[in-house]
Structure formats: C-alpha cells, structure tokens
Amino acid sequence: MGDEEKQNPFTVLVCGGGNAAQVATAMYAARYKTIAVSLFADEAARWKEALGDDEYELTLDTGKVVKSKPDDITNDPSVAASADAIVLAVPSFAHGQYFEAFEPYIKPDTVVACMPARSGGDLLLAAKLGKKADDVVFVGFETLPWACRFTDWGKKATILGTKGSILAAVTPPAKTPKAFSVLQGLLGVFPNCTYSPNNLGVSLRNPGAVIHPGVMYGRWCPEKWDGNPVDEKPLFYQGVEEFSESVLLGLTGEVQAIKKKMEELVPGLDLRDACDLKQWYMDCYAGQMTDTSSLRACMNTNPGYRGLTHPCKDADDGKFVPDLKYRYLAEDVPTGMCFNKGLGEILGVPMPMTDKVLAWAQDCIGLKILENGKMCGPDVVKTRAPQATGIATLDDFLKASKIDKAALASAPPKPPPAVPPPAETEEKNPFCVLVCGGGNAAQVATAMF
C-alpha cells in the first residue's frame, strides 16, 4: 500500500427509474462517475429528455440540497463493462432481467448490490451470470436505505427519512470488507451497513414473503370472503384478526423449521437474522407498538401502519373488490414465498400452511407453480425457488449459495452481535461534522462533507 495520492476512478451503475433509483443516481453522481440504466420500456429516454442539460436536484432529509448530473442515462447494458459497482433499485421481479443483460459485459470483482434483495437473490445472480458469478461480489440488502419520492419526475426528488442502519450480507463472505467499504462510501454516514453472516439469513428473514401473502389470504380466501363487493376497504395490518394471525403464525413457523433444519445439516451456519415474524417486529419497531403481547397485537398497534388498507379496485355502487394481482401476491409470492417453499421441499420440511396459501395465490396471479404439493409446475422458472435454477439437492444449494460446509464446521463459534438488528423505520438522522483548519485539505474536506 503506497503513501502517494492518485486519481481513483470509480464508476457506479444505478438500475431503475423509480423513486429510489433517481435518489441514488443523484446522490452518487455528486462524487462519482454515475450511469443510470433502465431496461423498462422507454424510461431511460424519457428521463434523459426530462433532465436535459439541467442538474438533478436532490433535497436530503437534513435540508441540504445536492445538485448533480449523471454521466449518462441509458438502456444500453454494455455500460456494465466499466462498472465498479452496480446498484439495483428496481422491483425484485426485474433483477433477473438486469443480471442477464449485464452478463456479457460485467467485469471481475464488480460489486452488485440489490436494495432490497428479497429472497434468493444470490442464487438468481449465480444462475444468470453462470461462471462469471464466481468473480462477482453480491450484496443483498434487507430493505431500501430511504423513504423518498420524486417531486418533479426526472428532475427533482426528496429524501423524507433515512434508516439509521440496514442489514446486508455478502456472497462470498470473504469479500465483505471490500463490499461494505464501497457501499458505505456511496451511502454516506447513514444508513450504517450492518453485517449479516450470509444471504440465506437475509432471504429467510424476508417479511414480505410471509406478511403480504398471509394477510391477503386471511382476508380474501374462500373461507373468509364470499366473492361479493365490500362496503369499504378493509384495514391491512391493523385489520389482522385471529384467523389471519393463525395463517401468519403457520407461515413464519414453517420458515423457522427450515432455519432449524439448515443449522442441523450445516453445523456452524449462522442464521441469526432469520428470526420469526414477531421477533422481526420487535427488532424493527421496538418502542413504537403499544401492545407487543402477540403477533396480532404488534401489527394492530404499530402506528406506522395506521389507516393502511388492503389493495382494492372500485366496484359498482361505490363498493370495492380486492386487487388479487397486486404486488403483495404478484411479487411477494414468486420472489419470496416460493423461495421458502422450494428450500423446504429440498430439506424435507413439511409446509402445510405455505402449501395452502401458495395454491390459492398462484390461481390469483395466473401461474402454475405448485403441482400435487411439489414445486414442479411450468411456471416455477418464473420464481425465486431454488428449483427454478435447477437446484434439487442440499449440495446443489450450498454450492450455488457459496456456503462452504467444511469450512463452517471447522471454524470457531462466533460471539453474538454486539448491536441489535436495524430498525425498519426511516427517520431524520442529524449529523454534524466540524472541519478544523483553512488550508487546502480543510477546504476540500469542508466542501466534500
């Protein structure tokens, strides 16, 4: 390591054109060569035209305003050839499209981060990149760093709140220092990237795989809904009652059985972050819920959920019917629940509640995934189930996940984490820095910070 200063070129691609992608592009472009890439229809061309020769204006939750201009906005995946980091801020169902498009161009040691990764993102990357995946660093984030929105599409956005920390796992784990250094440099002081031992823990922790399909089933399954329009949109989280809670407890219990089986079969595998759903609420919303005596109470008394309703469509006479093709089913079933069911099947873990919800949900979204209780339907390939990428055994799964069973068995046990898992809420995180001096370095530091 030399002591000399030199130019350190760094290029980051930001994938997507929605709220988070535009915020990330504006933030990163203030310091680094930044290229926005959207493969969705003509989104890249529309964004480029909207911005024109102007700078993008990003208002931070601190009140500061950052003005910057991305080096390009394009739909050309070949720009991946120059990327040191690729950040995907697109819905999880689109991840595979980007991985596949980048495969001919991506270079070794590129850091590929998904915000959020949902379930099985590392397996999807391995399948789409093939041999190249061996030389790429994958980072799975549990969630997005910010609550944000654009105020003038393609031109201006505002960060409403920033998480204090976000859980992230790196595959392969040996690349964690490099990956965390890159991503913390992009994100800034907040949120803090909090270490999770592996992407399997992040996958099994995915709350959307349980909450969204479970609550939808609990309210709209044939046992609870007669098919007729309802007078008002039911509350989603605050409307969880005994039946829906029983569905959620069944689903999260089955995920915990997968966790237990994996830890038995792979001694030393640390799945500390794959907690049950009630513990997830305690981790993420501690101090905000007024009743934590049960899972239902946690959901009913979470102030962040106040007034949120089921996704519905207008019916006749001012009434409503459920939108059963909403992302709570259309996205969270293929990219979340199917991963859980697929891994459970490989491990021989019975999952009767998952089977029931998945069989109902697949009809709602027009897919054939589960057949005779097995993940062998023709549409399995459209999901994050391990079977979608040809994984049929535990050894196949461990290889694709880059989980070294022998190394884990011989490694000394690690102490529990010193800090609790990150909260789910976004807040304003005030941070004040003093720069002492008035010379070259002090003036540069003052301007940069």
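This is a predicted model: local features need pLDDT of at least 70, side-chain atom pairs count only at pLDDT 80 or more; totals for chains, interfaces and linings use all residues.

Mentor: Residues are numbered from 1 along each chain as its sequence is written, and side-chain values use heavy atoms, with hydrogens and water left out.

Trainee: Why is Ser119 called buried?
Mentor: Buried means under 20% relative accessible area (exposed is over 50%, partly exposed is in between; 1.4 Å probe, protein chains only). Ser119 has a relative accessible area of 0%, so it is buried.

Trainee: Where is Ser119 placed, and what is it in contact with?
Mentor: Ser119 is in the loop between β7 (111–114) and α4 (121–129). Those labels are DSSP runs numbered from the N terminus: helices are H or I with at least four residues, strands are E with at least two. Contact means heavy atoms within 4.5 Å. Leaving aside neighbours within four places in sequence, the contacts of Ser119 are Ser203, Asn206, Thr335, Gly336, Phe339 and Arg384. Arg384 is 265 residues away along the chain, yet the two C-alpha atoms are separated by 6.8 Å.

Trainee: What makes Tyr305 buried?
Mentor: Tyr305 has 7% relative accessibility, so it counts as buried. Tyr305 lies in the loop between α10 (295–300) and β13 (312–314). Not counting residues up to four places away in sequence, Tyr305 touches Tyr237, Gln238, Trp280, Tyr281, Tyr285 and Met299.

Trainee: And what about Thr158, why does that one count as buried?
Mentor: Thr158 comes out at 17% relative accessibility, so the label is buried. Thr158 sits in strand β10, and its contacts include Leu58, Thr59, Cys148 and Arg149.

Trainee: How do you know that β9 and β10 pair?
Mentor: Two strands pair if DSSP finds at least two bridges between them. β9 and β10 (residues 156–162) have 6 bridges, in the antiparallel sense. Cys148 stands opposite Ile159 in β10, and Trp146 has Thr162 as its bridge partner. The two strands form a hairpin with 3 residues between them, and Gly154 in the turn has a positive phi of about 85°.

Trainee: What makes β4 and β9 edge strands?
Mentor: β4 (65–68) and β9 (146–152) each pair on one side only. They belong to an open sheet of 4 strands, in the order β4-β3-β10-β9, with mixed pairing.

Trainee: Why do β5 and β12 stand at the edges of the other sheet?
Mentor: That open sheet has 8 strands in the order β5-β2-β1-β6-β7-β8-β11-β12, again with mixed pairing. β5 (72–74) and β12 (192–195) each have a single partner strand, so one side of each is left without a neighbour in the sheet. Further in, β7 runs parallel to β8 (residues 137–141), joined by 4 bridges. Val111 stands opposite Val137 in β8.

Trainee: How do you describe the packing of α12 and α13?
Mentor: Two packed helices are described by the angle between their axes and the distance between the axes. Axes are lines fitted to C-alpha atoms, for helices over the stretch in contact, and angles run from 0 to 180 degrees between N-to-C directions. For α12 (residues 332–347) and α13 (residues 352–364), the axes come within 11 Å and cross at roughly 145°. The contact is made by Val333, Met337, Cys338 and Lys341 of α12 and Thr354, Asp355, Val357, Leu358 and Ala361 of α13.

Trainee: What makes a set of residues a nonpolar core?
Mentor: A nonpolar core is a set of buried Ala, Val, Leu, Ile, Met, Phe, Trp, Tyr and Cys residues joined through side-chain atoms within 4.5 Å. The largest one here has 68 residues, and those with the most contacts inside it are Leu200, Met262, Tyr281 and Trp360. Its largest share, 7 residues, comes from α12. A second, separate core has 39 residues, including Ala20, Ala36, Val87 and Leu186.

Trainee: What does Trp360 touch?
Mentor: Not counting residues up to four places away in sequence, Trp360 touches Met216, Tyr217, Trp220, Cys221, Pro222, Leu324 and Leu329.
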